[in-house]
Amino acid sequence: MEWMLTPAQIEFRDRLRAWVNENIPKDAAREAERVDGNYPHHLFDRLAEGGYHATAVPKEYGGAGADYTTQLIQSRELSRSLAGMIWIWGSTSFAGANSIGLYGTDEQKRDLLPKITKGDLKVTIGFTEPGGGTDVLGALKTTARKVDGGWIINGVKKWCTSAHVSDYVLLLVRTNDKVERKHHGVSLFLMSPKAKGVTLKPLTTMGMRGLGTFEMTMEDVFVPDDRLLGEPDKAWYMLLPTLTNERMLLLGTCLGILDGVAEDALAYMKSREAFGKQIGAFQAVQHHYANIIMARHQTELLAFDTARKADAGIDTFLEVTMGKVIASEHAVNAADLGIQIFGGMGYSADNDMQRYWRDARLMRFSPINNEMARNLVAEHFGLPRSF
Ligand SMILES: Cc1cc2nc3c(=O)[nH]c(=O)nc-3n(C[C@H](O)[C@H](O)[C@H](O)COP(=O)(O)OP(=O)(O)OC[C@H]3O[C@@H](n4cnc5c(N)ncnc54)[C@H](O)[C@@H]3O)c2cc1C
């Protein structure tokens, strides 16, 4: 692996791994995940103290301006402990900062990016609606109507994660319905979920419970003009790089989960005994472990290959889409084997295997489900669009 990284990236990884062990160890992540909507502000603030919200922010706005490979390393190292709770970093620093950095006005960048760097601002994502997330544009019913000085927003979003603690929702809305194709006429806003007319209804989930996720209803919510991101009606073209970034983040998350599974499994195999010897001496258990390591190796190769291509300016739409499928399926299968290795203790809320499994399981259908990702891969190779 080392040969794929620069000395600076290796140094960043080693420093971050030691920092994670001290500041956001697995037991802190496990504890923070337990209760619905009990957002771990203390972990978010520790990331700020460590300077880790700055990674994706361009240097001229106080950030580190890190390359994709470094961002992938960060996603991996944080996820080894946080697993799906990585979104305490991801939604603001990865989706938010990247989108504002790419499409914000100078004023928006000067206002918002330094706050993200310091950990003074939280952004979440509001794309999915009750009608569905896969056909995100077909299901899009939320509208924004132009009025003097701003826009009036009406609609409902589903699964708006951490909306209760966020300063802004990166909100996808329809601003023009007289269009021939559904990806035209959509816009992105940075809307405060604390604005008048916004109601949040908590949803109960199987994993990532501490983050809290919500149905968000918007009734005549006024959003000022300076919170429109990019050009009106053209958000789809802006979204594509954001979605690619999100999939890249997910590669790192799955890789981090695979790291967590592998190290916990090895430690347990060496310490647990049956029939007078460590369970790691049984061939069947060794095969489970070998399968975990092989899955991680494949994921590592594809993830770093993709990040390096992105750093070289190569379009990685195909790689992140294929990688998303491979990495999420490997992470789920590995966590499942991890539970098998742990036996009853793998099912216990006092260990992380069940948490890794629950969080990895989400990634098979979110942010894009693996069936849809496969559709896109097949279409890329000349087959007719199947949806
Ligand atoms: C805990 C959690 C947190 C989330 N956080 C956020 C968030 O912060 N912001 C946000 O915007 N969204 C969020 N989401 C939503 C998530 O992105 C969606 O769940 C995801 O996009 C899938 O959409 P859906 O659940 O509506 O499934 P659907 O789109 O209804 O799909 C249902 C099934 O149909 C299949 N299917 C649909 N279309 C096709 C097709 N063309 N070909 C083959 N199969 C197809 C799918 O594979 C799937 O199996 C979150 C979801 C969860 C559960």
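How far apart do the C-alpha centres of domain 1 and domain 2 lie? The distance is 24 Å. This is a predicted model: local features need pLDDT of at least 70, side-chain atom pairs count only at pLDDT 80 or more, and totals for chains, interfaces and linings use all residues. Residues are numbered from 1 along each chain as its sequence is written.

**View 1. Domains of the chain.** The assignment gives domain 1 (2–122), domain 2 (125–232) and domain 3 (237–380). These bounds come from an automatic or database domain assignment.

**View 2. Contact of domain 1 with domain 2.** Again, the C-alpha centres of domain 1 and domain 2 are 24 Å apart. Domain 1 gives 22 residues to the contact, and domain 2 gives 19 residues. Two residues are in contact if their C-beta atoms, placed from the backbone, lie within 7 Å.

**View 3. The side of domain 1 that touches domain 2.** Here α2 (26–33) and α5 (87–103) each supply at least two residues. The largest share, seven residues, comes from α5. By class, this side has ten nonpolar, seven polar and five charged residues. Ala, Val, Leu, Ile, Met, Phe, Trp, Tyr, Cys and Pro count as nonpolar; Asp, Glu, Lys and Arg as charged; the others, Gly among them, as polar.

**View 4. Shell around the ligand.** Of its 23 residues, Gly133, Thr134, Trp159, Thr161 and Phe387 come nearest. A residue is near if its C-beta atom, placed from the backbone, lies within 6 Å of the molecule. The shell holds ten nonpolar, twelve polar and one charged residues.

**View 5. Sources of the ligand shell.** Domain 2 and domain 3 each provide at least three residues. β1 (123–126), β3 (150–161) and α12 (370–380) each supply at least two. Helices (H or I, at least four residues) and strands (E, at least two) are DSSP runs, numbered from the N terminus.
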